[in-house]
Amino acid sequence: MRTVYLNGDYLPETEARISIFDRGFLMADGVYEVTSVLGGKLIDFDGHAARLQRSLRELDIASPVSHADLLAIHRELVRLNGIDEGLVYLQITRGDPGDRDFVFPDPETTAPTVVLFTQAKPGLADSPVARTGIRVISIDDIRWGRRDIKTVQLLYPSMGKMMAKKAGADDAWMIEDGMVTEGTSNNAYIVKDNRIVTRALSADILHGITRAAVLRLAGEAQMEVEERSFGIDEARAADEAFITSASSFVMPVVEIDGVSLGDGTPGRVSRRLREIYLEECRRTAV
Ligand code: PDD
């Protein structure tokens with residue numbers, strides 16, 4: 001049985017209890033982070049911790065835990081659960097005011113709820129899926145306008161994954177005003193003539209921690225990167241495509257809306273970027 005973290009305590013997962021009045025439960029009033037673990041160490045921890053603080057600030061939730069404590073809790077959970085490859089999920093909500101009310105509770109009397117748990121994912125880095133690539137479909141992006149805040153409102157992304165599953169695909173890319181925003185739980189990229197194209201940062205997409213690292217590494221490897229929007233037709237005509245996220249690293253996309261990219265196998269740039277990124281992860285993990 002897993003040991004999880006709840007508001008200062010390490011507990012068996014069946015003993016961690018949260019109030020039915022918690023605003024995370026009633027209002028999706030909370031934020032989260034997912035940090036991957038390779039070789040028992042955390043990948044891009046500082047980036048995830050920094051984005052967490054930003055998400056909290058944007059929602060006016062007082063940060064209940066320091067950077068040092070957050071790192072210590074992550075490490076302790078990885079140790080207690082013997083995680084070699086996997087994920088640490090962290091969620092902070094505005095807490096339990098003891099009743100339902102749209103108005104934010106007084107932070108003096110209602111403390112945020114802090115939850116962390118681990119997910120073991122053996123084979124996360126040496127994933128067989130990365131060798132064949134994934135297939136995506138396109139769907140409308142009907143999410144709210146602050147996708148740069150990593151909130152726990154994940155109903156539409158879940159529905160998107162279900163639409164993909166029903167269509168026999170692995171994931172969905174979302175389209176707004178004719179342009180791809182991002183994947184349901186990842187950032188989206190295409191490659192044409194060796195040039196990597198991905199949407200620029202704004203409130204329209206989550207500012208991926210993996211995205212930041214991958215674009216930096218691509219630059220260092222003299223690859224060309226263009227940060228601009230692209231449409232689904234341009235994507236279908238690309239040489240290759242891929243997604244990035246903490247849980248998939250760099251994952252090749254081999255099919256969009258039933259159209260194969262290139263020869264239908266993971267492209268050279270995508271494979272190289274996955275390699276470079278994983279190398280960097282192992283070198284800088286904490
Ligand atoms: N999802 N875009 C969206 C909508 C996401 O949910 C995520 C991450 C990303 C990639 O961000 P990062 O590189 O920081 O993981 C982009 C996480 C992994 C999840 O929900 O499980």
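Trainee: How many residues does helix H8 (residues 268-284) have, and how does its reach from first C-alpha to last compare with the span expected?

Mentor: Helix H8 has 17 residues and reaches 24 Å from its first C-alpha to its last, close to the 24 Å expected at 1.5 Å a residue (1.5 Å times one less than the number of residues; helices are DSSP runs of H or I with at least four residues, strands are runs of E with at least two, and both are numbered from the N terminus). The model is predicted, with local features needing pLDDT of at least 70 and side-chain atom pairs pLDDT 80 or more, while totals for chains, interfaces and linings use all residues. Residues are numbered from 1 along each chain, and side-chain values use heavy atoms, without hydrogens and water.

Within H8, the buried residues are Val269, Ser270, Leu273, Arg274, Ile276, Tyr277, Leu278, Glu280 and Cys281 (buried is under 20% relative accessible area, exposed over 50%, partly exposed in between, with a 1.4 Å probe and protein chains only).

Two further residues also count as buried. Ala164, in helix H5 (residues 155-166), is buried because its relative accessibility is 0%. Its C-alpha atom is separated by 6.9 Å from that of Val136, 28 residues apart along the chain. Thr93 belongs to strand S5 (residues 86-93) and is buried because its relative accessibility is 3%. Its side chain is joined to that of Asp22 by a polar contact of 2.7 Å (a pair of N or O atoms within 3.5 Å; within protein, one must be able to donate a hydrogen and the other to accept it, and residues adjacent in sequence count only if both atoms are side-chain atoms).

Two loop residues have positive phi values without being glycine. Asn7, with phi of about 45°, lies between strand S1 (3-6) and strand S2 (9-12), and is partly exposed at 43% relative accessible area. Asp44, with phi near 55°, is in the loop between strand S4 (41-42) and H2; its relative accessible area of 24% makes Asp44 partly exposed.

As for the ligand, 20 residues surround it, and Tyr32, Glu182, Ile209, Thr210 and Ala246 are the closest (a residue counts if one of its heavy atoms lies within 4 Å). A ligand oxygen atom is 2.6 Å from a side-chain N or O atom of Tyr32, and a ligand nitrogen atom is 2.7 Å from such an atom of Glu182.
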